[in-house]
Amino acid sequence: MGSIAKLFTQNLLWRVCYYLTNFILTLFIARHFQATLSGDVFYLINNCSFVVLVLSLSFEAAIVYFDSNKEIGSNKLFYTAIILILSSVFILIAINFCADCFFSYNLGNQVNQNIFHFVIGNLLCIFMSGFYFARKNFKTPNWVASLMNGVLLLLLFFINDNNWLNNNRFISLYFFSFVIHGIILMVLLLKSSSEIKRVSFLNKNEGSKLYQYLSLVFLSNLITFFCYRMDYWFVKHYCNSIELGNYIQVSKLVQLFFVLPSILATVLFPLTSGGEKEKIKSILPLITRTVFFIYSLFSIGLIIIGKWAFPFMFGESFDLMYRCFLFYIPGMISFSGLYAFTSFFSGNNKVIVNLKGCALALIIALVGNVVIIPRFGIYGAASVSSLSYLVYFIFVLYCFLKENPLAVSDFFIFKKSDWNYYKSIFKFTR
């Protein structure tokens with residue numbers, strides 16, 4: 001358990017650094033562009049993220065899984081990733097982003113180019129990061145991402161419509177930064193790994209293994225995406241630009257609460273894939289109740305100060321955030337508790353559990369969005385998302401308890417003995 005604690009604390013520092021710089025960058029983008037235009041930027045990113053998900057085929061999960069357990073060589077996985085990226089380039093060029101109704105916003109005349117840069121850059125980033133995570137190197141992807149956020153934040157202060165760096169050019173640089181980020185990760189990976197440099201491709205047996213694994217993972221990720229991003233499209237359709245900007249900013253704020261669980265998931269997935277699932281299984285209750293305890297305290301704090309803190313931080317145009325956030329709280333805490341379980345089932349090659357939970361949540365989200373959002377707007381959207389996340393968590397917890405009979409309270413009630421465990425972690429990692 002000590003090795004897991006050490007990996008977690010090593011990952012924590014750099015992951016927090018990345019999310020902190022990303023939050024500050026998002027905050028200043030929101031303050032500079034206000035709710036209307038920043039809402040368009042982040043809505044475009046949401047749609048681009050869907051394209052990334054489809055074109056990636058969730059291959060980054062296969063990289064972590066098969067590179068961790070050494071079933072497929074790193075070089076074969078690397079060159080398969082390169083083929084997927086090159087294929088995506090040709091696909092994007094071929095369709096030429098003809099779905100203007102899906103992508104076109106008041107973001108200048110380079111929207112198609114921005115989309116291209118975001119999609120290809122993110123494919124590079126997630127594929128290359130997969131190799132680092134499989135090697136339990138959590139530092140490199142996060143310091144590179146933090147560096148890119150820092151550069152963009154610095155440039156934001158030099159925006160002047162009378163000079164070269166105007167609003168539209170900054171947005172273009174923002175999207176192009178993902179390409180630079182991905183290239184840096186790939187160059188550093190090639191320099192550090194002699195095995196990856198050897199050109200080799202999958203054989204028939206390896207291709208079959210890859211297909212069997214990815215078919216379920218991709219479907220699960222696709223459904224998950226619709227679960228927590230589908231509401232953007234309904235809000236865009238039924239609400240005005242200011243409401244959309246407020247809602248997306250609440251959603252991005254909620255995603256900050258997923259930092260700690262995602263750090264855990266990043267560590268747990270390769271460890272479970274690598275054969276330490278029994279050890280991981282024993283600490284899942286501790287992880288879950290710790291996340292619930294910490295996030296309950298944070299939620300209470302934001303309930304107290306959020307009404308004035310949100311407009312103060314993001315700007316006066318974000319005065320709808322507070323009430324919307326209140327409806328999000330139960331789902332936010334539930335979704336945070338999901339990460340450890342979904343990583344455990346994925347690493348244990350039981351993606352079907354995640355898939356069923358996603359499907360159940362998606363049905364609730366779809367029906368709820370159709371019925372609730374037209375009447376209650378962004379507050380209804382937050383309530384529906386919260387309910388779907390809660391149901392997803394209950395289902396996954398139920399599946400885990402079926403195989404591992406434990407008291408339900410073990411996952412929710414923080415114990416005095418937990419303090420002693422965390423004290424031992426800090427002593428171990430000094």
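**Figure 1. Overview of the predicted chain.** Of the 430 residues in the protein chain, 57% are buried. The model shown is predicted. Its secondary structure comes to 15 helices and zero strands. Among contacts in the protein chain with a separation of 6 or more, 84% join residues 24 or more positions apart.

**Figure 2. Helix H6 against helix H7.** The view shows H6 (residues 139-156) and H7 (residues 167-192). Their axes are 10 Å apart and pack at an angle of about 155°. An angle over 145 degrees counts as roughly antiparallel, and H6 and H7 are therefore roughly antiparallel to each other. The crossing of H6 past H7 is right-handed. From H6, the contact draws on Thr140, Pro141, Trp143, Val144, Ala145, Met148, Leu152, Leu155 and Leu156. H7 contributes Phe170, Leu173, Tyr174, Ser177, Ile180, His181, Ile184, Leu185 and Leu188. By class, the residues of this H6 and H7 contact are 15 nonpolar, three polar and no charged.

**Figure 3. Helix H9 against helix H10.** H9 spans residues 204-238 and H10 spans residues 241-256. The two axes come within 10 Å and cross at roughly 165°. That angle makes H9 roughly antiparallel to H10. H9 passes H10 in a right-handed crossing. On the H9 side, the contact is made by Arg229, Asp231, Tyr232, Val235 and Lys236. On the H10 side, Leu244, Tyr247, Ile248, Ser251 and Gln255 take part. The residues of the contact of H9 with H10 comprise five nonpolar, two polar and three charged.

Figure 4. Asp231 sits in helix H9. Is this residue, Asp231, buried or exposed? Asp231 is buried, with a relative accessible area of 1%. Leaving aside neighbours within four places in sequence, the contacts of Asp231 are Tyr247, Tyr328, Asn369, Ile373 and Ser385. One of these, Tyr247, also belongs to the H10 side of the contact with H9. Val370 is 139 residues from Asp231 along the chain. The C-alpha atoms of Asp231 and Val370 are separated by 9.5 Å.

**Figure 5. The Phe257 and Phe298 ring pair.** A search of the whole structure finds 41 aromatic pairs. One of them joins Phe257 and Phe298. The pair is edge-to-face, with 6.2 Å centre to centre and 90° between the planes. Phe257 lies in the loop between H10 and helix H11 (259-273), and Phe298 lies in helix H12 (residues 277-314), so the pair ties together parts that are 41 residues apart in sequence. Phe257 is buried, with a relative accessible area of 8%. Phe298 counts as partly exposed, at 48% relative accessibility.

**Figure 6. The Phe314 and Phe318 ring pair.** The ring centres of Phe314 and Phe318 are 5.9 Å apart. Their planes stand at 50°, so the pair is tilted. Phe314 and Phe318 are both buried.

**Figure 7. An aromatic cluster.** Which residues do ring pairs link into a cluster? The members are Phe257, Tyr295, Phe298, Phe310, Tyr322 and Phe325.

Definitions and conventions: Residues are numbered from 1 along each chain as its sequence is written. This is a predicted model: local features need pLDDT of at least 70, side-chain atom pairs count only at pLDDT 80 or more; totals for chains, interfaces and linings use all residues. Side-chain values use heavy atoms; hydrogens and water are left out. Axes are lines fitted to C-alpha atoms, for helices over the stretch in contact, and angles run from 0 to 180 degrees between N-to-C directions. Helices (H or I, at least four residues) and strands (E, at least two) are DSSP runs, numbered from the N terminus. Angles under 35 degrees count as roughly parallel, over 145 as roughly antiparallel, 65 to 115 as roughly perpendicular and the rest as oblique. A crossing is left-handed if the near helix is turned anticlockwise from the far one by less than a right angle, and right-handed if clockwise. Contact means heavy atoms within 4.5 Å. Ala, Val, Leu, Ile, Met, Phe, Trp, Tyr, Cys and Pro count as nonpolar, Asp, Glu, Lys and Arg as charged, and the others, Gly among them, as polar. Rings of Phe, Tyr and Trp (its six-membered ring) pair if their centres lie within 6.5 Å; planes under 30 degrees apart count as stacked, over 60 as edge-to-face and the rest as tilted. Buried means under 20% relative accessible area, exposed over 50%, partly exposed in between (1.4 Å probe, protein chains only).
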